[in-house]
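Subject: Structure handover and notes

Hello,

Here is the structure you will be taking over. Please open it alongside this message; my notes follow below.

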Amino acid sequence: MTQFIQATVYGLLQGGLFALVAVGFSLVWGVMNIVNLAHGAFVLVGAYIAWKLNTAAGIDPFLGMFAAAACLFVGGYVIQRLLINLVVNAPIWMTLLLTFGLELMLVNGLIALFTGDFRSINTSYANDAFSIADIRVPYGRLFGFALAVALTLALVAFMSHTRLGLAIKATGMDRAAARLMGIPARHIYALTFAIAAALAAAAGAILGTIGTFSPADAGRLTLQSFVIAVLGGLGNMWGALAGGVVLGLAEAWGGQYLSGTLVNAIAFGVLVVVLIVRPAGLLGKPYYELRVDG
Amino acid sequence: MAGIAAAVASSRARGRRPLTRGTLVALTLLVCIALPSQLYGSQQRTWGAMFMFVVLAQGWNVIGGFAGYPSFGNVVFFGLGGYTTAVLMAKSGCSFWLALPLAGIVGLLFAVLVGIPVLRLHGHYFAIATLGVAEGMREVIINLPGLTGGGAGLTVPAVGVDATTSYPGNDGFYYIFLTLAVISTLVVWLVARSRFGYALRAIHQDEDAAAAVGIDIIRAKIGAFAIAGALTALAGAVYAFQQVSIYPGRLFDVDITVLMVVMAVIGGSGTVIGPVIGAVGLQLLSEYLRDNVTEYHTFIFGAIIVLAVILVPQGIVNFVRDARLKHGVSLSESVRAYRL
Amino acid sequence: MTRRHPAVLVLVVALAAAGCGKGQSSDAGSPTGDTLKIGAALSLTGSLAKEGQLTKQGYQLCEEIVNSKGGVSAGGKSYKLAIAYRDDTSEPDTAAQLVDRFNDQAIKLVLGPYGSPSTEAAAAVVEKNGQVMVDSSGADNNIFTKGYRQTFAVLSPATSYAKVMIQALASQAKPKPRTVVFLSADDGFSKTVAKGGAEEAHKQGIKVLATETFPEKSTDVSAAVNKAKSLNPDLVVGAVHLVEGIAIIKQSKELGLKPAGGFAETVAPPTPDFVRTLGASAEGVVGSTQWVPQVTGEDKFFGTAQEYASSFKKRFGSDAEYHSAEAAAACLALVLGTENAGSTEPAKVRDAIARLDSPSFFGPIKFDSTGKNVTKQMSVIQIQDGKPVTVFPTDQQQSALKWPAQ
């Protein structure tokens with residue numbers, strides 16, 4: 001029983017971390033219908049910035065996270081404005097290809113700058129844990145989970161209570177109408193991408209503190225975000241959190257009671273079943289369905 | 001998409017062009033057949049790999065380019081074809097020449113089986129579902145160590161006393177891959193000219209309208225997926241034999257899917273010749289970069305993909321056609337085509 | 001021109017251009033002057049970029065030191081060593097293709113790529129082409145069961161990795177561990193390691209409670225750790241590479257897996273990244289390694305192991321570790337083989353390498369009939385005060401094993 005509860009708690013926390021990584025990916029996909037294959041690379045860039053700040057200036061990664069997010073916010077804006085906006089109206093695989101090219105460049109660039117070494121941001125507390133009746137709760141993951149929840153709440157509030165958030169939502173629903181209402185779509189798209197990139201960077205800083213990272217992780221992180229975004233349902237700000245938690249629990253329980261090598265199979269099995277049975281994802285799609293592209 | 005149809009129609013009208021085109025195709029083929037004698041072994045291998053990617057890009061072209069269903073998991077057929085061949089040769093002592101068509105059939109059947117539920121999905125959902133199928137299949141293969149060797153891989157009996165078929169060598173594989181590339185291009189050519197091809201294009205344009213005019217859209221989509229599955233599985237089968245030792249990580253590598261999409265799209269998806277140009281061009285480019293810019297070749301390759309997507313988003317073939325129709329090349333117009 | 005269909009025209013032009021493009025590379029490979037060209041396909045990018053870089057450093061150091069000491073003297077001539085590096089992007093099929101390419105450029109002597117899958121793929125090509133390869137990192141025993149004649153490995157095979165740690169702990173640890181759990185990645189190398197370790201544990205009277213596997217390159221091994229925790233073993237042995245090795249230690253700390261004795265892991269602990277990423281949690285972890293600077297033996301190029309370590313540090317600024325040492329040793333074997341053969345002809349070099357019996361900074365180099373270096377022993381290290389120190393075999397010991405480790 002202890003084992004089961006331990007697996008559950010850990011899976012839940014792991015799910016929070018998954019969600020943190022995926023939330024930006026889900027946002028971009030939901031609002032702009034763009035699958036950003038460079039997302040994993042963005043996460044890594046964030047991790048490297050936080051790592052560099054930590055090793056060079058001793059800045060705690062939970063603070064470095066903000067600097068990383070700020071850098072990627074600017075970078076994300078520029079990338080969307082100058083590159084991705086150019087192919088937004090093309091068939092969907094064009095954006096796939098564009099972001100794939102970006103991913104190759106970023107990953108190769110990271111190897112050139114930081115080598116392929118494994119890095120980890122060392123803190124005195126991240127891998128420590130407290131116990132409640134033999135159940136271990138690691139601090140770092142708990143922070144990560146709390147942050148995922150906080151960011152999700154913030155994003156929900158931002159999207160439904162600020163002019164800018166509403167403008168993003170409106171552009172996501174019907175771009176042509178939004179433009180007629182005087183919303184500058186190019187700017188809004190770039191802003192959405194910037195927010196997503198900043199979220200990715202923040203996730204990277206936390207990920208780098210809890211685990212290890214190297215440039216080769218980019219593809220895996222993107223793939224994971226794919227699964228989570230679809231599981232949760234696109235365009236729903238709660239989707240990433242729901243998808244992350246479901247995946248975290250599925251992997252934890254699967255790993256506990258089945259062969260350890262089956263863990264990945266479980267993730268994709270759940271994905272395909274969810275897609276076929278409930279293509280809208282676990283939380284449905286409140287506005288994505290209403291989209292009118294044009 | 002209607003490019004080839006238009007081209008065929010206009011060439012019929014002017015009478016002399018099909019002949020010229022036929023001559024050129026024949027000439028190209030002759031060059032390809034004669035080429036190996038002029039090449040080093042490893043160059044034959046490189047060209048063989050290029051032809052393999054022609055097959056993969058054409059397979060994707062049928063489902064992605066013609067039907068407009070952006071499969072992101074075509075590598076599953078590649079992997080299945082490879083493992084079918086390897087298991088048949090290693091575990092039941094089959095000859096490669098028996099295993100090869102069986103692998104094609106396995107790919108075809110699997111496409112039908114998976115296509116029935118998955119082809120109900122559209123756009124990104126279809127893309128992700130196919131990706132999930134491919135990744136899931138890799139995990140299944142890893143978890144059947146008795147049959148497939150699991151994560152440790154499987155070795156095809158290619159040399160020594162266990163060998164079931166004599167190993168073809170670089171020139172042998174060159175011709176096998178060339179044959180497959182020609183067959184797959186021929187299949188796509190036939191599809192492009194057939195009623196079936198028009199049905200696929202109609203589905204691509206507007207699925208509901210296609211259904212309304214009496215096209216059996218489910219059968220057409222599954223048919224397209226099955227062709228893609230069979231072609232891709234055949235390529236995987238030959239690849240497995242050529243590699244001798246195969247691993248699930250490589251045989252189901254998502255990068256292979258990405259490459260076939262890149263090649264088909266940059267060449268010109270939905271055309272007959274586009275994927276050929278894309279596969280040949282990108283393979284040569286990547287080989288050249290790997291040889292000459294050891295440390296930064298993936299960076300430059302990535303940059304070229306980004307540029308190609310932005311400058312010629314409609315693919316090389318369509319770009320050239322448009323330029324000819326308008327009697328001039330305008331990159332800026334091409335860039336603006338899909339801009340927000 | 002205007003009559004032709006543009007697409008076909010483009011294809012023909014592409015083919016023609018391609019033909020020209022490929023034609024150029026062919027003349028690059030012809031042996032030039034008194035240079036001995038050697039090919040190395042390495043993981044410079046992709047998932048094994050880190051290990052690929054370490055391997056490259058070993059090859060580079062070898063190239064520079066051999067050349068600074070007058071090059072390779074064979075048959076009365078002195079050759080400058082020139083290693084051509086190509087990136088296989090960590091894919092075995094690309095490694096095989098690149099080795100084939102070397103063959104066409106008349107490069108018959110080859111240094112191994114990184115990792116067992118790539119080495120296995122390259123070995124098949126080397127065999128077919130009559131090239132000669134010295135393998136610096138492919139330890140999976142599978143490579144040596146195929147009857148290949150042209151591939152030689154300077155390193156000890158996969159079965160030794162966990163075995164040597166079990167031997168060290170059985171003889172040195174007080175109290176001797178009574179139970180062990182193996183945590184293994186699911187790739188061929190790691191599975192062979194775990195199997196070899198379990199056999200040795202059985203022989204030494206240590207009870208194997210379980211072998212838990214997880215996917216290769218996994219950063220989340222929590223399920224395996226959680227299962228191991230419930231078995232409460234004296235010893236946890238990881239049959240892993242660096243990523244999984246770090247994950248085991250990190251997540252054991254999170255989940256409170258504390259074996260009475262301690263942790264032992266293959267591959268990961270001796271690499272500098274292990275201590276750097278884990279900090280204090282790395283303390284006490286036991287690891288097996290192909291090479292330590294305390295290895296006895298010397299050769300005319302690198303000198304002793306200590307001298308090798310200091311030249312490495314001088315050249316690259318970091319401490320020498322075993323991946324680069326394996327690489328330098330592989331290069332050394334190829335150089336010594338060429339010198340003994342008195343010729344750069346591949347068949348002669350092959351026979352000379354097969355007969356090689358030489359001490360070196362890496363330990364003895366002598367191959368059995370399958371191409372494995374069987375006389376060499378692996379060493380065992382333990383992280384003490386943030387540094388790997390050699391604890392086994394006793395003649396290399398820098399410091400006694402601390403047990404229980406933490």
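In what sense do β1(A) and β2(A) pair, and over how many bridges? The pairing is antiparallel, and four bridges hold the two strands together. Before going further, please keep in mind that this is a predicted model.

Chain A

In the pairing of these two strands, A:F130 has A:V137 of β2(A) opposite it. The hairpin they make has two residues between the strands, and A:A133 takes a positive phi near 45° there.

Helix α4 of chain A covers residues 92-114. Its 23 residues should span 33 Å at 1.5 Å a residue, and because the end C-alpha atoms are 33 Å apart, the model agrees with that expectation. Of the 23 residues, 18 are buried, so α4(A) is largely enclosed by the rest of the structure. Just after this helix comes A:T115, with a positive phi of about 65°.

The nonpolar core

The largest nonpolar core has 368 residues. Those with the most contacts inside it are A:L97, A:A201, B:F53, B:L234 and C:A333. Helix α8 of chain A, residues 185-210, gives the most to this core, with 19 residues. As for B:F53, its contacts beyond four places in sequence are B:L259, B:M260, B:M263, B:A279 and B:Q283.

Where the chains meet

Between chains A and B, 38 residues of chain B are in contact with 38 residues of chain A. On the chain B side, the elements giving two or more residues are α6 (123-142), α13 (254-267) and α15 (297-311) of chain B. The most comes from α6(B), with 13 residues. By class, the side of chain B that touches chain A has 26 nonpolar, eight polar and four charged residues.

Chain A also meets chain C, with 31 residues from chain A and 30 residues from chain C in the contact. On the chain A side, at least two residues each come from α1 (2-32), α4, β1 (129-132), β2 (135-138), α10 (239-257) and α11 (263-277) of chain A. The helix α1(A) gives the most to this side, with five residues. The residues of the side of chain A that touches chain C divide into ten nonpolar, 18 polar and three charged.

The sheets of chain C

One open sheet in chain C has six strands, in the order β2-β3-β1-β4-β5-β6, with mixed pairing. From one strand to the next, the twist averages 30°. Helix α2 of chain C (residues 49-68) packs on this sheet, touching β1 (35-42), β2, β3 (77-87) and β4 of chain C, and its direction makes about 165° with that of β3(C). Helix α3 of chain C (residues 92-104) lies across β1, β3 and β4 of chain C and runs at about 165° to β1(C). Within the sheet, β4 (residues 109-111) and β5 (residues 132-135) of chain C run parallel and are joined by three bridges. Here C:L111 stands opposite C:V134 in β5(C).

Another open sheet in chain C has seven strands, in the order β8-β7-β9-β10-β11-β16-β17, and its pairing is mixed. Its edge strands are β8 (207-214) and β17 (387-392) of chain C, each pairing on one side only. The twist in this sheet averages 25° from one strand to the next. Strand β7 of chain C (residues 179-185) pairs with β8(C) in the parallel sense, over seven bridges. In that pairing, C:V180 has C:V208 of β8(C) as its bridge partner. Helix α7 of chain C (residues 222-231) lies across β7, β8 and β9 (235-239) of chain C, running at about 165° to β8(C).

A loop residue in chain C

The loop between α12 (346-355) and β14 (357-358) of chain C contains C:L356. Is C:L356 buried or exposed? It counts as buried, because it has 22 C-beta neighbours inside 10 Å. Not counting residues up to four places away in sequence, C:L356 touches C:A333, C:L336, C:G337, C:N340, C:I365, C:K366 and C:F367. The C-alpha atoms of C:L356 and C:K366 are separated by 5.6 Å, although these residues are ten apart along the chain.

Regards

Conventions
Residues are numbered from 1 along each chain as its sequence is written. Chains are lettered from A and ligands numbered from 1 in the order in which they are written. This is a predicted model: local features need pLDDT of at least 70, side-chain atom pairs count only at pLDDT 80 or more; totals for chains, interfaces and linings use all residues. Two strands pair if DSSP finds at least two bridges between them. Axes are lines fitted to C-alpha atoms, for helices over the stretch in contact, and angles run from 0 to 180 degrees between N-to-C directions. Two residues are in contact if their C-beta atoms, placed from the backbone, lie within 7 Å. A nonpolar core is a set of buried Ala, Val, Leu, Ile, Met, Phe, Trp, Tyr and Cys residues joined through C-beta atoms within 7 Å. A residue is buried if 20 or more other C-beta atoms lie within 10 Å of its own, exposed if 12 or fewer, and partly exposed in between; C-beta atoms are placed from the backbone. The expected span of a helix is 1.5 Å times one less than its number of residues. Ala, Val, Leu, Ile, Met, Phe, Trp, Tyr, Cys and Pro count as nonpolar, Asp, Glu, Lys and Arg as charged, and the others, Gly among them, as polar.
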